[in-house]
Amino acid sequence: MHFGSDNTSGAAPEIIEALAKAAGGYSASYGSDEITKRVEARLAEIFECELSAFLVATGTAANSLALSTYVPPHRAVLCHEESHIHVDECGAPEFFTHGAKLVPVGGEAGRITRAALEEALTFWTSGGVHRQQPALLSLTQQSEAGTLYSLDELRSLSALAHEKDMAVHMDGARFANALAALGCTPAEMSWKAGVDVLCFGATKNGALGVEAVIFFDPEKARDFARLRKRGGQLFSKGRFLAAQMEAYLEDGLWLRLARQANEMAALLAAGFQEKGIALAYPAEGNEVFAFLSKEQQRALFKAGVQFAPWDIAGESRPLARFVASFSTEKADVEAVLRLL
């Protein structure tokens, strides 16, 4: 019963098969292979636009290199106070931007509100030469709290950022989960909503390790190939990243995997609530944050259930995070609820 993270799940069989197939014979190196070219073309089809896409192995690399494209050292990034780039990437965004400031912005349930963004912009765009001016707004979809921005919220926040001559970045480590939940198109949840650069995740949703940095204005990606090389993310045998991504996108596999994870999380959330267990946030994707007592948590751990004890600023009640993955089965959910 593994609910600790969608990083703990294995890889989808279709992706393993694609890797095995790519392992035979010879192929051009450093992303010049035919599989990589097909992936780039497929992403353009899926997002319904001309774009530039670059494959890397980790979400941290994707986010940090994407930010470094838009943000010089003397500028700032506005992001949610609980965002991954601010809390969980060990200074990598600051390192790759050579010192650009990350400015945390508030908002309940992991989402930046327009009011909070307006307040942050009022402060940080004043101060003249004494204050780092915002160059980019980073949004996480789905958020670190497992919640989702609506399309209207994305459009509103992006429009405000663009009014201030800022770019918009989306951390899409769980982009597939968000898309499956909202039921919209990839284009509607990205460039049509004002996103300039998207870090499109696959690792948490069935791949071994591959993410795509997608620029919706190819001109902005002019120097990214060299940034990726300097950042140690240009793989000599790039076809093994591309083979994962190609299989991930084939016949809608990425969305089927995400729907499975979302459905299992929804089932778990409903079961908690039926038992009178409150949730900290709406379970809108594949994460569930439940107020379980210390005794309940100890009992679940003892029975072999894997999950993560969690903390929320200002909240004294014990909390636990459960994350469903593409390989979570209904029997796993039922077992947890039965133990409770």
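Two strands are taken to pair if DSSP finds at least two bridges between them. Helices (H or I, at least four residues) and strands (E, at least two) are DSSP runs, numbered from the N terminus. The model is a predicted one, in which local features need pLDDT of at least 70 and side-chain atom pairs count only at pLDDT 80 or more, whereas totals for chains, interfaces and linings use all residues. Residues are numbered from 1 along each chain as its sequence is written, and side-chain values use heavy atoms, with hydrogens and water left out.

On these terms, three strands form an open sheet in the order β8-β10-β9, with antiparallel pairing. Its edge strands, each of which pairs on one side only, are β8 (287-290) and β9 (308-310). Neighbouring strands of this sheet are turned against each other by 30° on average, direction ignored; axes here are lines fitted to C-alpha atoms, for helices over the stretch in contact, and angles run from 0 to 180 degrees between N-to-C directions. Helix α11 packs on the sheet, where it touches β8 and β10, and its direction makes about 15° with that of β8, contact being defined as heavy atoms within 4.5 Å. The antiparallel pairing of β9 with β10 extends over three bridges, and A308 stands opposite R321 in β10.

Helix α13 (residues 330-339) contributes V333, A335, V336 and L337 as buried residues, where buried means under 20% relative accessible area, exposed over 50%, and partly exposed in between (1.4 Å probe, protein chains only). The cover over the buried residues of α13 includes α11 (253-274), α12 (294-302) and β10 (319-323).

Strand β5 (residues 167-172) pairs with β6 in the parallel sense over four bridges, with D171 opposite C199 in β6. Together with helix α8 (residues 175-182), β5 and β6 make a right-handed β-α-β unit; a crossover is right-handed if, with the strands pointing away from the viewer, the path from the first strand over the helix to the second runs clockwise. Strand β7 (residues 211-215) runs antiparallel to β6 and is joined to it by five bridges, and G201 stands opposite E211 in β7.

The structure holds 19 aromatic pairs; rings of Phe, Tyr and Trp (its six-membered ring) pair if their centres lie within 6.5 Å, and planes under 30 degrees apart count as stacked, over 60 as edge-to-face and the rest as tilted. The pair of F3 and F322 is edge-to-face, because the ring centres are 6.0 Å apart and the planes lie at 65°. Since F3 lies in the segment before α1 (13-22) and F322 in strand β10, this pair ties together parts that are 319 residues apart in sequence. Both F3 and F322 are buried. Y70 and F215 form a stacked pair, at 6.3 Å centre to centre with 20° between the planes. This pair links distant parts of the chain, with Y70 in helix α3 (residues 59-70) and F215 in strand β7, 145 residues apart, and both Y70 and F215 are buried. Ring pairs also link F47, F175, F200, F216, Y248 and W254 into a cluster.
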